[in-house]
Amino acid sequence: MCRAVGLGLGHRDLKPWMIAGLTAVLLTAGAVTAGILAPFLVSGQNTEYYHGTFKISDLRVNSNSGQSSTYQLKDLREMSESLVDETFIDSALNKHYIKTRVVRLIPEEDGVRADVIMVFQFSSSEQRAVREKKIYSLLNQKIRNTRALSISASSVQVNGCGKRVAPLTVNRIMSGDIAAKAAWPWQASLQRDKVHQCGATLISSTWLVTAAHCFKSNRNPHEWTVSFGTTIDPPLMKRNIRRIILHEKYHSPGREHDIALVQFSPRVTFSDDVRRICLPEASASFPPNSTVYITGFGALYYGGESQNDLREAKLKMISNDVCKQPQVYGNDIKLGMFCAGYLEGIYDACRGDSGGPLVAKDLKDTWYLIGIVSWGDNCGQKNKPGVYTQVTYYREWITSKIGL
């Protein structure tokens, strides 16, 4: 693959005053506009976006007149892109590295902040953790050699996924706690005839994952829409559904293989309010008693109506040994399912939450989709926790359908 042809990736000479003034700050992932790099990408491989934020301080105006000109900002843009270009073009990741673009230059009192997006392409056979380690190692080596940067691995966010800006203050859905603005930017509402039917989770700029049973009575994509934001009315934005893919082995009224993929258009632009969640590797595991979170627009009690405001709840993972006990769900728990909640009840998903996300975060505060709200007896009853579709179990199925 002749990746560098026509992409303008040649070496740019950096002015000494530029390098001397470059520092790095740790910020959460900013907005990623995938479309700006689409012409550079190669089909048949997975495209991954990485975000970094550089603080360029102690600027020297390169002009006797003292004017801070457009030329200076152009230099800063080129400098930021060149530093990252040089890191990867002369490395073992050269054939995977596509391009770096400065997406924003934000003037501040003591300098300029540059938001950069780095684009790579990898085959699906490589483990993400291995790729991360390589990229972080190369960046840190470059930093040590130039002595111009102080970036740590946590200042680069894989794919721009799984990041949120709102504080985490979660209690429960059924008692009516309302989610803060931008708290769960991957949450979506699937609607038919302008009425909320199910939740869904944003996993790319054009794809959602949800529960197959949401479409048991109507699979016509032209009769469905999706909205984003923390309220259904008014929605932050709405999109039309183009395609619905149900798992081939799902058969209503059965509960197994309760997973579906939904494509919409036009694509969304990621922001603090709308952002995709990360998908875990198929090999990832989440032990019993792990803290997880659910969100949805569902009813506050069994038999109630869906709500206009997004609500949230903190749960605990429940082991299959416990969930398969006769007084819980017994043999109804099959492969690809797991339980979460509390055996004493109260905290639970309910009608209208189906298809929505159950998520967990890692030590870097990156959020992963680990479950899809599927089924349960009643809402919040003793010994009847929620049952969720296990995303890791269907991870390869998702890849086989849409390449993610």
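Among contacts in the protein between residues at least 6 apart in sequence, what percentage join residues at least 24 apart? The figure comes out at 70%, with a contact taken as heavy atoms within 4.5 Å. The model is a predicted one, so to speak of local features takes a pLDDT of at least 70 and side-chain atom pairs count only at pLDDT 80 or more, while totals for chains, interfaces and linings use all residues. Residues are numbered from 1 along each chain as its sequence is written, and side-chain values use heavy atoms, with hydrogens and water left out.

The protein has 5 helices and 17 strands; these are DSSP runs numbered from the N terminus, helices being H or I with at least four residues and strands E with at least two. Buried residues make up 53% of the 404 residues, where buried means under 20% relative accessible area, exposed over 50%, and partly exposed in between (1.4 Å probe, protein chains only).

Now for the barrel. Six strands close up in the order β6-β7-β8-β11-β10-β9, with antiparallel pairing; two strands count as paired if DSSP finds at least two bridges between them. On average, neighbouring strands of this sheet are turned by 45 degrees against each other, direction ignored. Helix α5 (residues 395-402) packs on the sheet and touches β8 (207-210), β10 (237-246) and β11 (260-265), its direction making about 35 degrees with that of β11. Axes here are lines fitted to C-alpha atoms, for helices over the stretch in contact, and angles run from 0 to 180 degrees between N-to-C directions. Strands β6 (residues 187-192) and β9 (residues 224-228) pair in the antiparallel sense over 5 bridges, and Leu-190 stands opposite Val-226 in β9.

Leu-190 turns up again in the largest nonpolar core, among the residues with the most contacts inside it, as do Trp-184, Leu-202, Leu-208, Phe-215, Phe-228 and Leu-261. This core has 48 residues; a nonpolar core is a set of buried Ala, Val, Leu, Ile, Met, Phe, Trp, Tyr and Cys residues joined through side-chain atoms within 4.5 Å. At least two core residues each come from β6, β7 (195-202), β8, β9, β10, β11, β16 (367-375) and α5. Leaving aside residues up to four places away in sequence, the partners that Leu-202 touches include Trp-186, Trp-207, Phe-264, Arg-275 and Ile-277. A second, separate core of 17 residues includes Leu-315, Tyr-342, Ile-370 and Tyr-388.

Strand β13 (residues 311-318) has 6 of its 8 residues buried, so it is largely enclosed by the rest of the structure. Strand β12 (residues 291-296) pairs with β13 in the antiparallel sense over 6 bridges, and Thr-295 stands opposite Glu-312. With 5 of its 6 residues buried, β12 is largely enclosed too. For β12, 2 bridges join antiparallel β15 (residues 357-361), and Ile-294 stands opposite Leu-358.
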